[in-house]
Amino acid sequence: MTTPTREQVIEWAKEIGFMRYQVELTPLETTIESWAGSSDDLTQLATLAMSAGREQGLREAKEVCEALSTKVYDHAKPPYLSCAAAIEQLRA
């Protein structure tokens, strides 16, 4: 999973019950846009977004370790491959 886009986060918010509303105070004043939902909904939304970002970070870190292991002599590969394996365990 990649870091969620703005549109994905908005879609998740809709799915868990956040409501978007607009209030126009007067024709001369700015329209206020806001979201309404429970604190549990907000926690769930934050957890979804954080998990997606964490997943991408771990995947990229593993890819870096694997890429570095291809650039060194065979005797120097184990630390990089061990690092990649440890990161994969974190993802699981």
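Modeller: Buried means under 20% relative accessible area, exposed over 50%, and partly exposed in between, with a 1.4 Å probe and protein chains only. This is a predicted model, in which local features need pLDDT of at least 70 and side-chain atom pairs count only at pLDDT 80 or more, whereas totals for chains, interfaces and linings use all residues. Residues are numbered from 1 along each chain as its sequence is written, and side-chain values use heavy atoms, with hydrogens and water left out.

Biologist: Why is proline 4 called buried?

Modeller: Proline 4 has a relative accessible area of 16%; the limit for the term is under 20%, so proline 4 is buried. Proline 4 lies in the segment before α1, where helices (H or I, at least four residues) and strands (E, at least two) are DSSP runs numbered from the N terminus.

Biologist: What does proline 4 touch, leaving aside residues up to four places away in sequence?

Modeller: With contact meaning heavy atoms within 4.5 Å, proline 4 touches Val9, Trp12, Ala49, Ala52 and Gly53. Proline 4 and alanine 49 are 45 residues apart in sequence, yet their C-alpha atoms are 6.5 Å apart in space.

Biologist: Why is aspartate 40 called exposed, and why is tyrosine 80 called partly exposed?

Modeller: Aspartate 40, in helix α2, has a relative accessible area of 59% and is therefore exposed, the cut-off being over 50%. Tyrosine 80, in helix α3 (residues 77-91), has a value of 29%, which falls between the two limits, so tyrosine 80 is partly exposed. Tyrosine 80 touches Cys65, Leu68, Ser69 and Val72, not counting residues up to four places away in sequence.

Biologist: What makes α2 and α3 roughly antiparallel?

Modeller: Two packed helices are described by the angle between their axes and the distance between the axes. Axes are lines fitted to C-alpha atoms, for helices over the stretch in contact, and angles run from 0 to 180 degrees between N-to-C directions. Angles under 35 degrees count as roughly parallel, over 145 as roughly antiparallel, 65 to 115 as roughly perpendicular and the rest as oblique. Helix α2 (residues 39-69) and α3 pack at about 165 degrees, with axes 8 Å apart; α2 and α3 are therefore roughly antiparallel.

Biologist: Which residues make that contact, and how do they divide by class?

Modeller: Among them are Leu58, Cys65 and Leu68 of α2 and Tyr80, Leu81 and Ile87 of α3. Ala, Val, Leu, Ile, Met, Phe, Trp, Tyr, Cys and Pro count as nonpolar, Asp, Glu, Lys and Arg as charged, and the others, Gly among them, as polar. The contact of α2 with α3 has 10 nonpolar, 1 polar and 8 charged residues.

Biologist: What is the make-up of the contact of α1 with α2?

Modeller: Val9, Trp12 and Ala13 in α1 meet Leu45, Leu48, Ala49 and Ala52 in α2. By class, this contact has 7 nonpolar, no polar and no charged residues. The axes of α1 and α2 come within 10 Å and cross at roughly 145 degrees.

Biologist: Which residues form the largest nonpolar core?

Modeller: A nonpolar core is a set of buried Ala, Val, Leu, Ile, Met, Phe, Trp, Tyr and Cys residues joined through side-chain atoms within 4.5 Å. The largest has 5 residues: Trp12, Ala13, Ile16, Leu45 and Ala52. The elements giving two or more residues to this core are α1 (6-15) and α2.

Biologist: How much of the protein counts as buried?

Modeller: Of its 92 residues, 17% count as buried.
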